[in-house]
Amino acid sequence: MYDFIIIGSGPSGGTISKNLHDAGAKVLLVEAGKFLRKDTFPKTEADYSAQIFWGGGIEFDAEAKTAYLRARVMGGTSIVNQCLQDRFDDVALNDWKDRSGVDFMTVDAMAPYYERIEKKMTLHHFERKEFNRNAELFTAGCDKLGYKWKELRRGQTDCKTLEGNDCLLCLGGCHRDSKQSSLVTSIQVAEKNGMEIMAEFEVDKVEHFNDHVLVHGIKNKQKQTLKTKKVVLAGGSFGSNKIMFNSGFKDKLPALGKGFCQHPQFMLFGIFDEPVNSHKGAFQTVASHDPNFRQKGFKLENVFGPPISIAMLLNSSGKEHQRIMSKYSYMACIETAVRDQPEGGEITVKKGKLIVTKHLTDQDKKRRDAGIETIINIFNAAGAKEVVNSPYFFGLHLMGGCSIGTDPAKSVVNPDFQVHGLKNIYISDSSIFPSAPGINPALSIMAFSQKLSEGLLK
Ligand SMILES: Cc1cc2nc3c(=O)[nH]c(=O)nc-3n(C[C@H](O)[C@H](O)[C@H](O)COP(=O)(O)OP(=O)(O)OC[C@H]3O[C@@H](n4cnc5c(N)ncnc54)[C@H](O)[C@@H]3O)c2cc1C
């Protein structure tokens with residue numbers, strides 16, 4: 001029997017499994033996706049979309065209005081993310097403390113856990129010499145309008161963008177082991193030290209007993225059951241919620257599935273007379289840093305995407321679509337991400353199928369409109385000839401559904417990250433978020449997972 005089975009290998013599962021294994025516990029890390037590495041990640045946009053994302057590239061909400069991206073591969077969504085690493089601020093944590101009643105939700109109380117996580121990865125602060133033209137246009141527009149911006153902090157060691165390497169490729173997995181994914185910082189290290197890892201095992205449900213937990217899943221199309229003293233669900237918001245529903249826990253946990261947030265993201269494209277080549281070099285280096293924007297509930301990042309993704313985001317067809325896509329090299333791009341209200345989202349599972357409902361509340365729409373208007377102003381100030389808006393919004397930060405809190409009627413896990421009433425089941429991944437922080441979540445997911453693993457080892 002294992003001491004711990006960790007289900008899911010993203011920032012949460014990677015952190016917890018390595019910590020517990022390092023301390024001498026008998027750990028098994030299971031992951032639904034394949035075990036790919038820098039030499040085996042697919043090399044084209046179409047191939048990686050199909051092979052390392054749930055839903056074959058993209059999933060949708062129940063009304064097919066919102067698109068979601070999450071990875072299904074060893075290392076989880078940290079394999080495909082941009083690895084921008086930010087701590088949560090007072091605005092985010094005060095709201096969490098109010099909603100959850102959990103007393104360690106403060107900047108000071110969380111600082112030691114952030115520090116311990118930051119020490120495990122190489123963090124790089126971008127400098128101006130690394131900006132591509134997309135970033136230069138963003139900062140020029142902001143400067144003209146008096147908006148504050150900042151260089152981003154990214155987990156990376158050796159991207160060699162100044163020597164001609166294009167980071168856009170690593171949205172399908174980093175071929176240099178430079179991006180500080182949980183594969184690089186935790187899993188491959190623990191693997192070398194003998195941690196047991198099982199890829200391509202999709203957990204269906206867990207059964208809780210007084211002194212153990214059974215984990216039921218499918219491996220090689222065969223049903224298989226594993227036995228462990230304790231289990232940690234680290235499947236991300238969709239994955240962990242689905243396992244909790246499949247396990248029949250909704251009756252005892254009325255808050256399960258409630259409060260789904262996603263930082264709805266809207267991308268706008270400024271088309272310029274001169275080539276911008278947003279796909280070149282370090283493609284995401286700067287973001288807004290204006291206290292007014294934080295107060296208004298949106299943030300801006302300069303960003304871009306590979307051609308299939310950009311083509312899918314446009315609201316045009318035929319010759320007009322062709323005209324805009326022929327300007328791919330002339331496009332700059334800014335996205336706004338909204339700090340959305342948890343009241344607008346819910347996750348359920350019906351007949352084994354994950355169903356996500358998401359609507360923008362009036363406040364979310366106000367925040368979206370303020371973000372979009374600001375982007376249009378920045379593009380115009382930077383000299384764009386045309387601004388193209390995408391009608392779609394999507395979710396890359398999937399959060400909530402198993403929120404943390406002291407009240408079992410309003411939350412799913414207690415302040416020890418233990419599921420209320422189920423003493424051998426723990427969760428500290430993105431599903432425990434009580435609301436949207438409005439800040440990149442991965443570093444905080446790791447910090448909470450650090451806290452959980454230290455608690456388990458006590
Ligand atoms: C394109 C993109 C860019 C992003 N950029 C950033 C960024 O720059 N900074 C940032 O902070 N965040 C970013 N994010 C978001 C961030 O990556 C996620 O919030 C984070 O990875 C979530 O961590 P997690 O451990 O909760 O879940 P995940 O990383 O999603 O890991 C969950 C893992 O569990 C597995 N799993 C799920 N269900 C099961 C099951 N039933 N059985 C077995 N395994 C299962 C999944 O396959 C997956 O591997 C980005 C996301 C995307 C899509």
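Is Ser-288 buried or exposed at 10% relative accessibility? At that value Ser-288 counts as buried, where buried means under 20% relative accessible area, exposed means over 50%, and partly exposed lies in between (1.4 Å probe, protein chains only). The model is a predicted one, in which local features need pLDDT of at least 70 and side-chain atom pairs count only at pLDDT 80 or more, while totals for chains, interfaces and linings use all residues. Residues are numbered from 1 along each chain as its sequence is written, and side-chain values use heavy atoms, with hydrogens and water left out.

Ser-288 has its place in strand S14 (residues 286-288); helices (H or I, at least four residues) and strands (E, at least two) are DSSP runs, numbered from the N terminus. Once its neighbours within four places in sequence are left aside, Ser-288 is in contact (heavy atoms within 4.5 Å) with Phe-138, Lys-148, Trp-149, Lys-150, Phe-293, Lys-299 and Leu-300.

Two packed helices are described by the angle between their axes and the distance between the axes. Here the axes of helix H5 (residues 133-145) and helix H11 (residues 362-382) come within 8 Å and cross at roughly 100°; such axes are lines fitted to C-alpha atoms, for helices over the stretch in contact, and the angles run from 0 to 180 degrees between N-to-C directions. H5 and H11 are therefore roughly perpendicular to each other, since angles of 65 to 115 degrees count as roughly perpendicular, those under 35 as roughly parallel, those over 145 as roughly antiparallel and the rest as oblique. On the H5 side the contact is made by Leu-137, Phe-138, Gly-141, Cys-142, Lys-144 and Leu-145, and on the H11 side by Asn-377, Ile-378, Ala-381 and Ala-382. Sorted by class, this contact of H5 with H11 has seven nonpolar, two polar and one charged residues, with Ala, Val, Leu, Ile, Met, Phe, Trp, Tyr, Cys and Pro counted as nonpolar, Asp, Glu, Lys and Arg as charged, and the others, Gly among them, as polar.

By class, the contact of H4 with H12 has eight nonpolar, two polar and four charged residues.

Phe-448 also belongs to an aromatic cluster, together with Phe-88, Trp-96, Phe-104, Phe-417 and Phe-433. The structure holds 15 aromatic pairs, where rings of Phe, Tyr and Trp (its six-membered ring) pair if their centres lie within 6.5 Å, and planes under 30 degrees apart count as stacked, over 60 as edge-to-face and the rest as tilted. Phe-104 and Phe-417 form a tilted pair, with 5.9 Å from centre to centre and 40° between the planes. This pair links distant parts of the chain, 313 residues apart, with Phe-104 in the loop between helix H3 (90-100) and helix H4 (107-119) and Phe-417 in the loop between strand S21 (399-401) and strand S22 (425-427). Phe-104 and Phe-417 are both buried. Lys-451 lies over the face of Phe-104, at 4.1 Å from the ring centre; a charge sits over a ring if NZ of Lys or CZ of Arg is within 6 Å of the ring centre and within 35 degrees of the ring normal.

Most residues other than glycine have a negative phi, and most peptide bonds are trans. Cys-83, although not a glycine, has a positive phi of about 60°; Cys-83 is found in the loop between strand S4 (66-68) and H3, and at 3% relative accessibility Cys-83 counts as buried. Asn-277, also not a glycine, has a positive phi of about 50° and lies in the loop between strand S13 (265-271) and S14, but at 29% relative accessibility Asn-277 counts as partly exposed.
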